[in-house]
Amino acid sequence: MHLLSESTRGFNQAQLLAKVLSTHLQIPLWQELHKHRRTPHQANLDLKQRRQNLHSAFCVKTTPPAHVALVDDVMTTGTTVNTLAGLLKEAGCERVEVWVLARTPEVR
């Protein structure tokens, strides 16, 4: 989540989930993946628009660990986690897992 969006909302739900999981599972919390460009909400965008919307929106601040779990509250199309996983792998991460609390149903 972009810092401005977080300050408007007052919290970052994915970060809160990650902190609880880190504490409960006794695993390190790596927080060096940042959204440096504020983007429109993804909700009303199609898959192609979602990809374009996220292009160059994130950066990795330091070399990631070999194994990272991306934590999110809700996954819709998977565009965000796929974008982030690709960025982490480009930065040297060997294995990326995706942990989500909820998944929206596929619309047919």
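These questions and answers cover a predicted model of one chain.

The model is predicted, and local features need pLDDT of at least 70, side-chain atom pairs count only at pLDDT 80 or more, while totals for chains, interfaces and linings use all residues. Residues are numbered from 1 along each chain as its sequence is written, and side-chain values use heavy atoms, with hydrogens and water left out.

Reader: What percentage of the 108 residues count as buried?
Author: A residue is buried under 20% relative accessible area, exposed over 50%, and partly exposed in between (1.4 Å probe, protein chains only). Of the 108 residues of the chain, the buried part is 22%.

Reader: Is serine 22 buried or exposed?
Author: Serine 22 lies in helix H2, residues 13-25. Leaving aside neighbours within four places in sequence, serine 22 is in contact (heavy atoms within 4.5 Å) with Ile27, Pro28 and Leu29. Its relative accessible area is 13%, so serine 22 is buried.

Reader: Which residues of H4 are buried?
Author: Helix H4 covers residues 79-90. The cover over its buried residues includes strand S1 (33-35), helix H3 (47-54), strand S2 (58-60), strand S3 (67-75) and strand S4 (95-103). The buried residues of H4 are Thr79, Val81, Leu84, Ala85 and Leu88.

Reader: What is the hand of the crossover from S3 through H4 to S4?
Author: Two strands pair if DSSP finds at least two bridges between them. S3 and S4 run parallel and are joined by eight bridges. The chain passes from S3 through H4 to S4. With the strands pointing away from the viewer, a path from the first strand over the helix to the second that runs clockwise is right-handed, and this β-α-β crossover is right-handed.

Key:
Helices (H or I, at least four residues) and strands (E, at least two) are DSSP runs, numbered from the N terminus. The expected span of a helix is 1.5 Å times one less than its number of residues.
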